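Hi,

Here is the structure I promised to pass on to you. Have a look at it first, and then read on for my notes.

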Amino acid sequence: MKQSKNTASSFDKSLRKWPYIFLAPFILSYISFFVFPTLYSLYMSFFRWNVGEKPKFIGIDNYIKLFTSDSYFWKSVSNTFILMLFVIPLCIIVGLFLAELLFNESLKFRGFFQIANYLPYVTTPVAVAIIFSLLFDQKIGVINLFLVKIGIFEQGINWLTAPSYLQRIMLILMILWQWAGYYMLIYLAGMSSISADVYEAARVDGASRIKIFFKITVPLLNNVTFFLVITSVIYTLQIMDQPYLLLRGLGQGSQQSLEKPLMTVMVYFYENCLRQGRLGYGAALTYSLFMIILVFTFFTLFIIRKRGGNNEEN
Amino acid sequence: MKKIKISTILSMIILIAATIMAIFPFYMMTIMSTRTNQQIITKLYMLPGNQLINNAKMVFESGFLMFYLNSFYIAVSAAVIGVLFSAAAGFAIAKYTFKANRLMQNMILIIMSIPFGVSIVGFLIEMKNLGLSNTHLPMIISAMISPYGVFLFTQFAKDGFPTEIMESARIDGCNEMTIFYKMFLPFTRSAAVTLFLMIFMYSWNNFLTPLVFINKQSMYTIPLGIFALGNQYRQEYGARMFALTLATIPILIIFAVNSKSLIRGLTSGAVKG
């Protein structure tokens with residue numbers, strides 16, 4: 001009896017090191033290539049750290065400059081927020097609508113529709129931006145040709161030099177095209193986790209499809225919407241590839257491009273900090289963006305929680 | 001009865017319209033890649049032409065094949081390493097009791113939501129000091145670290161990999177490493193496929209990291225190559241479109257074929273159970 005207890009505990013002892021061995025590769029790489037550079041960025045943000053110069057400690061001057069006198073930074077922040085405030089609701093509406101149409105086991109070609117609609121999501125953003133700038137091209141773009149044909153424009157316009165609301169529309173449409181399928185997929189997965197009994201009961205009560213959609217499906221998908229909003233806020237505030245490619249496709253001087261509505265925070269970071277070797281300022285900028293993301297995420301969380309609570313009370 | 005039919009037809013029409021919109025840009029891209037420049041800028045063609053070979057020649061002369069190979073080996077290395085690291089960590093968290101276990105589970109959820117951008121300036125200096133700028137390692141490293149993957153494997157291991165199997169294997173004299181390789185990895189194969197595809201996609205599409213680290217043309221990845229090629233051959237629409245076709249179509253096929261795994265990966269964070 002005593003002996004078996006001994007072997008058991010020595011067996012346990014030999015096991016004790018294993019979870020750490022299995023965790024080590026991930027933890028070590030995470031610490032050395034994410035935690036360390038993140039903290040180092042913070043350290044750098046307190047320096048005037050320009051490539052080719054000796055770094056000079058300047059305290060929080062970078063942050064002060066960023067928040068009080070860098071109007072282009074604030075412009076890029078507002079560009080990014082405008083983009084986000086249109087893209088996320090549009091993606092939710094389109095994605096939810098497509099998912100509702102697809103959520104029907106007997107629908108023909110269901111799998112095909114599903115795959116075809118999520119293909120844009122897996123496509124390289126760089127490629128998407130180039131394809132779209134051709135589709136929107138002044139002379140040969142399909143979209144211009146179509147708009148002229150149905151009489152909205154008299155002649156094709158150059159979207160990239162057009163008034164800024166048109167540039168925003170172009171970017172929003174492009175991102176909507178790319179993401180709607182992803183939202184659709186997530187909503188579909190959410191719908192299939194709703195119990196069929198709920199729908200059955202509603203149908204027995206004679207509820208119409210539209211009523212079922214708004215009174216049952218949408219509220220029950222609250223958590224999914226919540227997940228989508230939070231992850232998209234984090235992602236959209238950091239968006240760079242698509243607006244940058246559209247911007248660079250123009251081949252304009254950087255002063256001119258600073259005024260563009262395509263100048264999102266990360267594009268500004270790349271063009272005005274990284275490319276110019278202003279690393280300390282860039283670090284301060286990314287930290288500020290991170291703070292904005294954090295605040296906004298909590299803000300979103302707060303609103304959703306509050307509204308969710310009200311719903312439950314009703 | 002008839003009313004149901006009409007709504008089915010209507011939803012079919014809307015779905016077809018949405019699908020056409022989703023696929024149309026890919027179609028145009030493919031058509032343009034078979035046309036001459038002159039044709040593209042004068043008229044809207046909806047059917048393929050015969051310039052594919054010429055466009056292909058121009059693209060391959062620019063070293064595009066090299067970009068392809070670079071992207072491919074970077075994405076595969078990052079995905080393989082990422083899957084192994086995440087699987088091991090998930091295995092440890094789900095299947096062993098140790099002091100920091102709870103802490104680790106909560107940590108993973110928190111670090112999953114920290115944006116990558118905040119580390120980039122420090123990462124740049126770190127890689128430079130390690131002498132790794134102008135190598136492909138920064139790209140492999142930044143893609144392979146996947147807290148989400150750890151989360152995925154933890155979930156899979158909890159639900160799908162019975163602890164009794166491990167115990168009987170231990171009695172048979174297997175050591176823990178053997179259990180991990182011979183039993184856990186095959187058992188959680190579907191999580192591995194999912195994560196592999198997700199890291200592959202991230203790495204293949206990543207633009208900022210190569211833009212920052214690579215300035216030698218022979219080391220370009222696809223997104224960087226497309227970008228540079230765009231500046232070099234600004235007016236060569238046909239060739240540019242062929243390059244894009246080459247860059248996107250194979251990936252679209254891989255993902256269409258494996259769509260089940262990818263969908264599971266994309267949705268498992270959003271929908272519990």
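Let me start with a question: which residues in helix 14 of chain A are buried? They are A:Val265, A:Met266, A:Val267, A:Tyr268, A:Phe269, A:Glu271, A:Asn272, A:Cys273 and A:Leu274. Helix 14 covers residues 265-274 of chain A, and since nine of its ten residues are buried, the rest of the structure largely encloses it.

Before going further, a word on confidence. Please keep in mind that this is a predicted model. It scores ipTM 0.86 and pTM 0.88. For chain B, the average pLDDT is 84, and 95% of the residues score at least 70.

Now to the two chains and how they meet. Chain A is divided into domain 1 (2-44) and domain 2 (61-313). Taken over C-alpha atoms, the centres of domain 1 of chain A and domain 2 of chain A are separated by 39 Å. The contact between the chains takes 65 residues from chain A and 66 residues from chain B. On the side of chain B that touches chain A, helix 1 (residues 2-32) of chain B gives the most, with eleven residues. That side of chain B divides into 48 nonpolar, 15 polar and three charged residues.

Next, the overall form of chain B. It has 15 helices and zero strands. Its radius of gyration is 23 Å, whereas the globule rule gives 19 Å for 273 residues; the value is well over the rule, so chain B is more spread out than a compact globule. Along its principal axes, the C-alpha trace of chain B spans about 75 × 70 × 35 Å. Of the 273 residues of chain B, 47% count as buried. If you take the contacts in chain B with a separation of 6 or more, residues 24 or more positions apart account for 77% of them.

Helix 10 (residues 176-187) of chain B is one I would open in the viewer. Its buried residues are B:Glu176, B:Ile179, B:Phe180 and B:Phe184. Seen down the axis of helix 10 of chain B, these buried residues fall within an arc of 95 degrees, so they line one face of the helix. The face turned away from that buried side carries the exposed residues B:Lys182 and B:Pro186. And what do the buried residues of helix 10 of chain B pack against? Within chain B, they pack against helix 4 (64-95) and helix 9 (163-171), and from chain A, helix 2 (18-44) joins them.

B:Val118 sits in the loop between helix 5 (101-111) and helix 6 of chain B. Is B:Val118 buried or exposed? It is buried, because 23 other C-beta atoms lie within 10 Å, and 20 or more is what the label asks for. Leaving aside neighbours within four places in sequence, B:Val118 is in contact with A:Thr38, A:Ser41, A:Thr286, A:Tyr287 and A:Phe290. B:Val118 and B:Leu252 are 134 residues apart in sequence, and their C-alpha atoms are 31 Å apart in space.

B:Leu52 belongs to helix 3 (residues 52-61) of chain B. With 16 other C-beta atoms within 10 Å, B:Leu52 is partly exposed. Apart from neighbours within four places in sequence, B:Leu52 is in contact with B:Ser33 and B:Thr34. B:Leu52 and B:Gly238 are 186 residues apart in sequence, yet 8.3 Å apart in space, C-alpha to C-alpha.

A:Phe109 has a phi near 60 degrees, a positive value in a residue other than glycine. A:Phe109 lies in the loop between helix 4 (71-102) and helix 5 (110-122) of chain A, and it is exposed, with 12 other C-beta atoms within 10 Å. B:Asn134 is not a glycine either, and its phi is positive at about 60 degrees. You will find B:Asn134 in the loop between helix 6 (120-129) and helix 7 (137-144) of chain B. B:Asn134 is partly exposed, with 14 other C-beta atoms within 10 Å.

Best wishes

Terms used: Residues are numbered from 1 along each chain as its sequence is written. Chains are lettered from A and ligands numbered from 1 in the order in which they are written. This is a predicted model: local features need pLDDT of at least 70, side-chain atom pairs count only at pLDDT 80 or more; totals for chains, interfaces and linings use all residues. pLDDT is the predictor's confidence in each residue, from 0 to 100. Two residues are in contact if their C-beta atoms, placed from the backbone, lie within 7 Å. Helices (H or I, at least four residues) and strands (E, at least two) are DSSP runs, numbered from the N terminus. Ala, Val, Leu, Ile, Met, Phe, Trp, Tyr, Cys and Pro count as nonpolar, Asp, Glu, Lys and Arg as charged, and the others, Gly among them, as polar. Domain bounds come from an automatic or database domain assignment. The arc is that of the directions from the helix axis to the C-beta atoms. The radius of gyration is taken over C-alpha atoms; the globule rule is 2.2 Å times the number of residues to the power 0.38.
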